[in-house]
Amino acid sequence: MLRLAIQSKGRLNEESTALLREIGIDVDDSRRKFLAQAANFPLELLYMRDDDIPQVVSNGTASLGIVGLNEVAERGFEVQVVEKLGFGACRISLAVPKTVDYDGPQWFNGKRIATSYPNILRKWLQEQGIEAEIEVITGSVEIAPAADIADAIFDIVSSGGTLVSNGLREVEKIFWSEAVLISSGKLSDEEQKVLDEMLFRFESAKVSRHKKYILMNLPQASVEEATRILPAMRSPTVMPLAAEGWCSMHSVVDEADLWEKIQQLKAIGAEGILVLNIDKIIP
Ligand code: PRT
Ligand code: ZN
(Lines give C-alpha, C1' and ligand atoms only; values in the text may rest on other atoms or scores of the structure.)
(Ligands and ions follow the chains in the order given, each with its own letter.)
Protein backbone atom coordinates (compact mmCIF):
# COMPACT_ATOMS: atom_id res chain seq x y z
CA MET A 1 0.00 0.00 0.00
CA LEU A 2 1.42 3.35 -1.07
CA ARG A 3 0.61 6.40 1.03
CA LEU A 4 0.20 9.76 -0.73
CA ALA A 5 -0.10 13.02 1.22
CA ILE A 6 -2.26 15.72 -0.39
CA GLN A 7 -3.57 19.09 0.76
CA SER A 8 -6.78 18.67 2.79
CA LYS A 9 -8.30 21.95 1.65
CA GLY A 10 -7.01 24.89 -0.30
CA ARG A 11 -5.86 25.63 -3.81
CA LEU A 12 -4.20 22.29 -4.54
CA ASN A 13 -6.81 19.95 -3.03
CA GLU A 14 -9.31 19.91 -5.85
CA GLU A 15 -6.81 19.56 -8.65
CA SER A 16 -4.88 16.87 -6.78
CA THR A 17 -7.97 14.69 -6.44
CA ALA A 18 -9.07 15.55 -10.01
CA LEU A 19 -5.69 14.36 -11.28
CA LEU A 20 -6.04 11.07 -9.39
CA ARG A 21 -9.53 10.61 -10.85
CA GLU A 22 -8.19 11.38 -14.31
CA ILE A 23 -5.80 8.43 -13.98
CA GLY A 24 -8.63 6.15 -12.87
CA ILE A 25 -8.03 6.22 -9.11
CA ASP A 26 -11.29 6.48 -7.19
CA VAL A 27 -10.92 8.87 -4.29
CA ASP A 28 -13.85 9.53 -2.05
CA ASP A 29 -13.10 12.71 -0.18
CA SER A 30 -16.71 13.55 0.61
CA ARG A 31 -16.21 12.64 4.26
CA ARG A 32 -12.83 14.39 4.42
CA LYS A 33 -11.19 11.85 6.68
CA PHE A 34 -7.59 12.29 7.73
CA LEU A 35 -6.72 9.01 6.05
CA ALA A 36 -8.70 7.43 3.20
CA GLN A 37 -8.15 4.48 0.96
CA ALA A 38 -8.66 4.57 -2.82
CA ALA A 39 -11.43 2.17 -3.84
CA ASN A 40 -9.72 0.57 -6.82
CA PHE A 41 -5.98 1.16 -6.44
CA PRO A 42 -3.43 0.30 -3.71
CA LEU A 43 -3.17 3.91 -2.60
CA GLU A 44 -3.92 5.50 0.74
CA LEU A 45 -4.49 9.26 0.95
CA LEU A 46 -3.26 11.32 3.87
CA TYR A 47 -4.99 14.72 3.97
CA MET A 48 -3.01 17.54 5.57
CA ARG A 49 -1.90 21.19 5.42
CA ASP A 50 0.43 21.80 2.51
CA ASP A 51 3.11 23.18 4.87
CA ASP A 52 3.51 19.75 6.48
CA ILE A 53 3.67 17.63 3.32
CA PRO A 54 7.44 17.89 2.62
CA GLN A 55 8.17 16.82 6.21
CA VAL A 56 5.86 13.78 6.31
CA VAL A 57 7.30 12.61 2.99
CA SER A 58 10.90 13.11 4.05
CA ASN A 59 10.40 11.21 7.32
CA GLY A 60 8.55 8.38 5.56
CA THR A 61 5.11 8.85 7.17
CA ALA A 62 3.93 9.10 3.55
CA SER A 63 5.94 7.74 0.64
CA LEU A 64 4.61 10.34 -1.79
CA GLY A 65 3.13 13.83 -1.68
CA ILE A 66 1.55 16.40 -3.94
CA VAL A 67 2.60 19.92 -2.98
CA GLY A 68 3.78 23.23 -4.44
CA LEU A 69 7.47 23.37 -5.30
CA ASN A 70 7.54 26.58 -3.22
CA GLU A 71 6.83 24.56 -0.04
CA VAL A 72 9.47 21.96 -0.97
CA ALA A 73 12.09 24.68 -1.44
CA GLU A 74 11.07 26.65 1.66
CA ARG A 75 10.90 23.73 4.10
CA GLY A 76 14.24 22.28 2.97
CA PHE A 77 13.42 18.67 3.83
CA GLU A 78 15.13 16.01 1.78
CA VAL A 79 12.67 14.71 -0.80
CA GLN A 80 12.81 13.81 -4.48
CA VAL A 81 10.74 15.66 -7.05
CA VAL A 82 9.36 12.84 -9.22
CA GLU A 83 7.09 14.72 -11.61
CA LYS A 84 5.85 18.23 -12.37
CA LEU A 85 2.06 18.09 -12.44
CA GLY A 86 1.17 21.14 -14.51
CA PHE A 87 -1.24 22.88 -12.12
CA GLY A 88 -0.93 25.36 -9.22
CA ALA A 89 1.45 27.52 -11.21
CA CYS A 90 2.63 30.67 -9.43
CA ARG A 91 5.77 32.64 -8.67
CA ILE A 92 7.19 34.23 -5.55
CA SER A 93 8.08 37.83 -6.15
CA LEU A 94 9.30 40.93 -4.40
CA ALA A 95 6.82 43.78 -4.53
CA VAL A 96 7.05 47.38 -3.37
CA PRO A 97 4.47 50.16 -2.90
CA LYS A 98 3.73 51.54 -6.35
CA THR A 99 4.80 55.05 -5.31
CA VAL A 100 8.36 53.85 -4.59
CA ASP A 101 11.09 54.90 -7.02
CA TYR A 102 12.55 51.41 -7.46
CA ASP A 103 15.99 51.32 -9.11
CA GLY A 104 17.00 47.64 -8.90
CA PRO A 105 17.67 44.93 -6.28
CA GLN A 106 20.05 47.12 -4.27
CA TRP A 107 17.00 49.20 -3.27
CA PHE A 108 16.26 46.43 -0.74
CA ASN A 109 19.44 47.18 1.26
CA GLY A 110 18.43 48.16 4.77
CA LYS A 111 14.74 47.58 4.07
CA ARG A 112 12.21 45.38 5.91
CA ILE A 113 10.59 42.66 3.80
CA ALA A 114 7.51 40.78 4.98
CA THR A 115 7.12 37.16 3.84
CA SER A 116 5.99 33.62 4.64
CA TYR A 117 8.98 32.33 2.66
CA PRO A 118 12.03 33.50 4.69
CA ASN A 119 14.37 30.72 3.54
CA ILE A 120 13.89 31.23 -0.20
CA LEU A 121 14.19 35.00 0.33
CA ARG A 122 17.30 34.76 2.53
CA LYS A 123 19.07 32.67 -0.10
CA TRP A 124 18.28 35.20 -2.85
CA LEU A 125 19.35 38.16 -0.71
CA GLN A 126 22.64 36.42 0.06
CA GLU A 127 23.26 35.67 -3.63
CA GLN A 128 22.63 39.33 -4.44
CA GLY A 129 24.77 40.57 -1.53
CA ILE A 130 21.83 42.49 -0.06
CA GLU A 131 21.40 43.13 3.67
CA ALA A 132 17.70 43.36 4.49
CA GLU A 133 15.53 42.54 7.46
CA ILE A 134 13.06 39.68 7.01
CA GLU A 135 9.74 39.96 8.86
CA VAL A 136 8.07 36.55 8.93
CA ILE A 137 4.27 36.71 8.79
CA THR A 138 2.03 33.83 7.88
CA GLY A 139 -1.09 35.42 6.44
CA SER A 140 -2.12 38.55 4.52
CA VAL A 141 1.47 39.47 3.70
CA GLU A 142 0.22 41.98 1.13
CA ILE A 143 -1.11 44.38 3.78
CA ALA A 144 2.30 44.66 5.55
CA PRO A 145 3.52 47.84 3.77
CA ALA A 146 0.23 49.71 4.35
CA ALA A 147 0.28 48.61 8.00
CA ASP A 148 3.90 49.82 8.23
CA ILE A 149 5.11 46.38 9.26
CA ALA A 150 7.48 46.31 6.28
CA ASP A 151 8.75 48.35 3.32
CA ALA A 152 8.18 45.57 0.79
CA ILE A 153 6.82 42.05 0.51
CA PHE A 154 7.99 38.74 -0.88
CA ASP A 155 4.88 36.69 -1.68
CA ILE A 156 3.14 34.35 -4.07
CA VAL A 157 1.80 35.97 -7.21
CA SER A 158 -0.41 34.36 -9.77
CA SER A 159 -2.55 36.86 -11.74
CA GLY A 160 -1.02 39.86 -9.95
CA GLY A 161 -4.50 41.12 -8.95
CA THR A 162 -3.81 40.99 -5.19
CA LEU A 163 -0.73 43.18 -5.56
CA VAL A 164 -2.56 45.76 -7.66
CA SER A 165 -5.50 45.95 -5.28
CA ASN A 166 -3.08 46.57 -2.41
CA GLY A 167 -1.20 49.34 -4.23
CA LEU A 168 1.89 47.20 -4.77
CA ARG A 169 4.13 46.66 -7.79
CA GLU A 170 5.95 43.41 -8.61
CA VAL A 171 9.61 44.28 -9.13
CA GLU A 172 11.59 41.01 -8.93
CA LYS A 173 10.31 37.54 -9.88
CA ILE A 174 12.43 35.13 -7.91
CA PHE A 175 10.99 31.63 -7.70
CA TRP A 176 8.72 29.72 -10.11
CA SER A 177 6.48 27.03 -8.71
CA GLU A 178 3.87 24.48 -9.69
CA ALA A 179 2.41 21.41 -8.01
CA VAL A 180 4.84 18.51 -7.98
CA LEU A 181 4.76 14.86 -7.00
CA ILE A 182 7.43 14.24 -4.38
CA SER A 183 8.81 10.99 -3.02
CA SER A 184 10.73 9.96 0.07
CA GLY A 185 13.09 8.06 -2.23
CA LYS A 186 12.78 5.08 0.13
CA LEU A 187 10.12 2.99 -1.59
CA SER A 188 9.92 -0.79 -1.28
CA ASP A 189 9.88 -2.77 -4.56
CA GLU A 190 6.15 -3.21 -4.21
CA GLU A 191 5.58 0.52 -3.61
CA GLN A 192 7.85 1.37 -6.52
CA LYS A 193 5.70 -0.81 -8.79
CA VAL A 194 2.58 1.10 -7.75
CA LEU A 195 4.38 4.41 -8.34
CA ASP A 196 5.53 3.24 -11.79
CA GLU A 197 1.92 2.41 -12.68
CA MET A 198 0.83 5.88 -11.53
CA LEU A 199 3.59 7.53 -13.60
CA PHE A 200 2.58 5.49 -16.64
CA ARG A 201 -0.99 6.73 -16.22
CA PHE A 202 0.14 10.34 -15.65
CA GLU A 203 2.03 10.15 -18.93
CA SER A 204 -1.07 8.92 -20.74
CA ALA A 205 -3.17 11.68 -19.15
CA LYS A 206 -0.59 14.28 -20.18
CA VAL A 207 -0.54 13.02 -23.77
CA SER A 208 -4.36 12.97 -24.00
CA ARG A 209 -4.85 16.46 -22.57
CA HIS A 210 -5.74 19.11 -25.18
CA LYS A 211 -5.97 16.49 -27.93
CA LYS A 212 -9.03 15.94 -30.13
CA TYR A 213 -10.04 13.06 -32.34
CA ILE A 214 -10.93 14.26 -35.81
CA LEU A 215 -12.62 12.34 -38.63
CA MET A 216 -13.85 13.44 -42.04
CA ASN A 217 -14.79 12.39 -45.53
CA LEU A 218 -12.08 13.20 -48.01
CA PRO A 219 -11.61 12.90 -51.77
CA GLN A 220 -9.16 10.03 -52.34
CA ALA A 221 -6.93 12.43 -54.31
CA SER A 222 -6.40 14.61 -51.19
CA VAL A 223 -5.11 11.86 -48.88
CA GLU A 224 -1.45 12.71 -49.31
CA GLU A 225 -2.02 16.40 -48.65
CA ALA A 226 -4.25 15.63 -45.65
CA THR A 227 -1.56 13.36 -44.18
CA ARG A 228 0.82 16.33 -44.27
CA ILE A 229 -1.76 18.47 -42.44
CA LEU A 230 -2.53 15.77 -39.85
CA PRO A 231 0.62 13.79 -39.08
CA ALA A 232 -1.08 11.82 -36.22
CA MET A 233 0.88 9.56 -33.87
CA ARG A 234 2.13 7.18 -36.53
CA SER A 235 0.01 7.96 -39.55
CA PRO A 236 -3.69 8.76 -39.96
CA THR A 237 -6.21 5.96 -40.47
CA VAL A 238 -7.74 5.94 -43.98
CA MET A 239 -10.79 3.83 -44.81
CA PRO A 240 -12.59 3.55 -48.17
CA LEU A 241 -16.16 4.86 -48.46
CA ALA A 242 -18.91 3.25 -50.54
CA ALA A 243 -18.89 6.34 -52.78
CA GLU A 244 -16.17 5.95 -55.41
CA GLY A 245 -13.15 8.26 -55.07
CA TRP A 246 -13.88 9.10 -51.40
CA CYS A 247 -12.45 7.86 -48.13
CA SER A 248 -12.80 8.49 -44.42
CA MET A 249 -9.74 9.79 -42.59
CA HIS A 250 -9.26 9.65 -38.79
CA SER A 251 -6.53 11.32 -36.79
CA VAL A 252 -5.61 13.11 -33.58
CA VAL A 253 -4.95 16.83 -33.42
CA ASP A 254 -3.81 19.37 -30.83
CA GLU A 255 -6.70 21.52 -29.68
CA ALA A 256 -4.56 24.62 -30.19
CA ASP A 257 -4.15 23.86 -33.91
CA LEU A 258 -7.68 22.56 -34.45
CA TRP A 259 -9.31 25.47 -36.32
CA GLU A 260 -6.30 26.14 -38.48
CA LYS A 261 -6.17 22.45 -39.48
CA ILE A 262 -9.92 22.42 -40.21
CA GLN A 263 -9.51 25.36 -42.57
CA GLN A 264 -6.68 23.62 -44.39
CA LEU A 265 -8.66 20.38 -44.62
CA LYS A 266 -11.76 22.13 -45.98
CA ALA A 267 -9.58 23.77 -48.61
CA ILE A 268 -8.58 20.35 -49.95
CA GLY A 269 -12.16 19.07 -50.06
CA ALA A 270 -12.79 17.55 -46.61
CA GLU A 271 -16.49 17.23 -45.74
CA GLY A 272 -18.54 16.07 -42.78
CA ILE A 273 -15.74 16.83 -40.30
CA LEU A 274 -16.37 15.45 -36.80
CA VAL A 275 -14.30 16.46 -33.77
CA LEU A 276 -14.53 14.25 -30.67
CA ASN A 277 -13.10 14.38 -27.18
CA ILE A 278 -10.48 11.78 -26.29
CA ASP A 279 -10.69 10.01 -22.95
CA LYS A 280 -7.29 8.27 -22.95
CA ILE A 281 -4.34 7.83 -25.25
CA ILE A 282 -2.00 4.95 -24.43
CA PRO A 283 1.15 5.67 -26.43
O1 PRT B 1 -4.23 25.41 4.74
P2 PRT B 1 -2.97 25.15 3.99
O3 PRT B 1 -1.73 25.51 4.75
O4 PRT B 1 -2.94 23.77 3.42
O5 PRT B 1 -3.05 26.11 2.69
P6 PRT B 1 -2.35 27.51 2.39
O7 PRT B 1 -3.32 28.57 2.72
O8 PRT B 1 -0.98 27.56 2.94
O9 PRT B 1 -2.14 27.41 0.81
P10 PRT B 1 -3.11 27.69 -0.41
O11 PRT B 1 -4.18 26.67 -0.47
O12 PRT B 1 -3.47 29.13 -0.50
O13 PRT B 1 -2.05 27.43 -1.60
C14 PRT B 1 -1.47 26.19 -1.78
C15 PRT B 1 -0.44 26.28 -2.88
O16 PRT B 1 -1.05 26.73 -4.09
C17 PRT B 1 0.69 27.26 -2.68
O18 PRT B 1 1.70 26.77 -1.83
C19 PRT B 1 1.20 27.46 -4.11
O20 PRT B 1 2.07 26.39 -4.46
C21 PRT B 1 -0.07 27.32 -4.94
N22 PRT B 1 -0.59 28.60 -5.46
C23 PRT B 1 -0.83 28.87 -6.76
C24 PRT B 1 -0.95 29.70 -4.76
C25 PRT B 1 -1.40 30.64 -5.67
N26 PRT B 1 -1.32 30.10 -6.91
C27 PRT B 1 -1.86 31.95 -5.18
N28 PRT B 1 -2.25 32.79 -6.00
N29 PRT B 1 -0.93 29.97 -3.43
C30 PRT B 1 -1.37 31.16 -2.99
N31 PRT B 1 -1.81 32.16 -3.80
C32 PRT B 1 -2.26 33.43 -3.12
C33 PRT B 1 -1.10 34.34 -2.72
O34 PRT B 1 -0.64 34.02 -1.43
C35 PRT B 1 -1.73 35.73 -2.76
O36 PRT B 1 -2.43 36.01 -1.57
O37 PRT B 1 -3.07 34.20 -3.95
C38 PRT B 1 -2.74 35.59 -3.86
C39 PRT B 1 -2.13 36.09 -5.15
O40 PRT B 1 -2.90 35.71 -6.24
P41 PRT B 1 -3.11 36.70 -7.48
O42 PRT B 1 -3.78 35.86 -8.53
O43 PRT B 1 -3.95 37.84 -7.03
O44 PRT B 1 -1.72 37.17 -7.94
ZN1 ZN C 1 -0.03 26.30 3.95
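A polar contact, as the term is used on this tour, is a pair of N or O atoms within 3.5 Å; within protein, one of the two must be able to donate a hydrogen and the other to accept it, and residues adjacent in sequence count only if both atoms are side-chain atoms. This is a predicted model, in which local features need pLDDT of at least 70 and side-chain atom pairs count only at pLDDT 80 or more, while totals for chains, interfaces and linings use all residues. Residues are numbered from 1 along each chain as its sequence is written, chains are lettered from A and ligands numbered from 1 in the order in which they are written, and side-chain values use heavy atoms, with hydrogens and water left out.

**Stop 1: ligand 1 and its polar contacts**

Select ligand 1 together with Ser159, where a polar side-chain atom of Ser159 lies 2.7 Å from an oxygen atom of the ligand. Taken alone, ligand 1 exposes 840 Å², of which the protein buries 78%; accessible areas come from the Shrake-Rupley method with a 1.4 Å probe, and for residues only the protein chains shown count as cover.

**Stop 2: the shell**

Now extend the selection to the residues near the ligand, meaning those with a heavy atom within 4 Å of it. There are 21 residues around ligand 1, and Asp51, Asn70, Ser159, Gly160 and Thr162 come nearest. By class, the shell divides into five nonpolar, ten polar and six charged residues, where Ala, Val, Leu, Ile, Met, Phe, Trp, Tyr, Cys and Pro count as nonpolar, Asp, Glu, Lys and Arg as charged, and the others, Gly among them, as polar.

Colour next by secondary structure, with helices (H or I, at least four residues) and strands (E, at least two) taken as DSSP runs numbered from the N terminus. Strand S9 (152-157) and helix H5 (161-165) each supply at least two residues of the shell, and the largest share, three residues, comes from S9.

**Stop 3: two loops with positive phi**

Move to Ser140, in the loop between strand S8 (133-136) and S9, where phi is near 45°, a positive value in a residue other than glycine. Ser140 counts as partly exposed because its relative accessibility is 44%, given that buried means under 20% relative accessible area, exposed over 50%, and partly exposed in between (1.4 Å probe, protein chains only).

Then select His210, which lies in the loop between helix H6 (189-208) and strand S12 (211-219). Phi of His210 is near 60°, again a positive value in a residue other than glycine, and His210 is exposed, with a relative accessible area of 55%.

**Stop 4: buried residues and distances**

Follow the chain into strand S12 and pick Leu215, which is buried, with a relative accessible area of 17%; the C-alpha atoms of Leu215 and Asn119, 96 residues apart along the chain, are separated by 53 Å. In helix H7 (residues 223-229), select Ile229, which counts as buried because its relative accessibility is 6%. Between the C-alpha atoms of Ile229 and Val27, 202 residues apart along the chain, the separation is 40 Å.

Finish at Ile281, in the segment after strand S15 (271-277), a buried residue with a relative accessible area of 6%.
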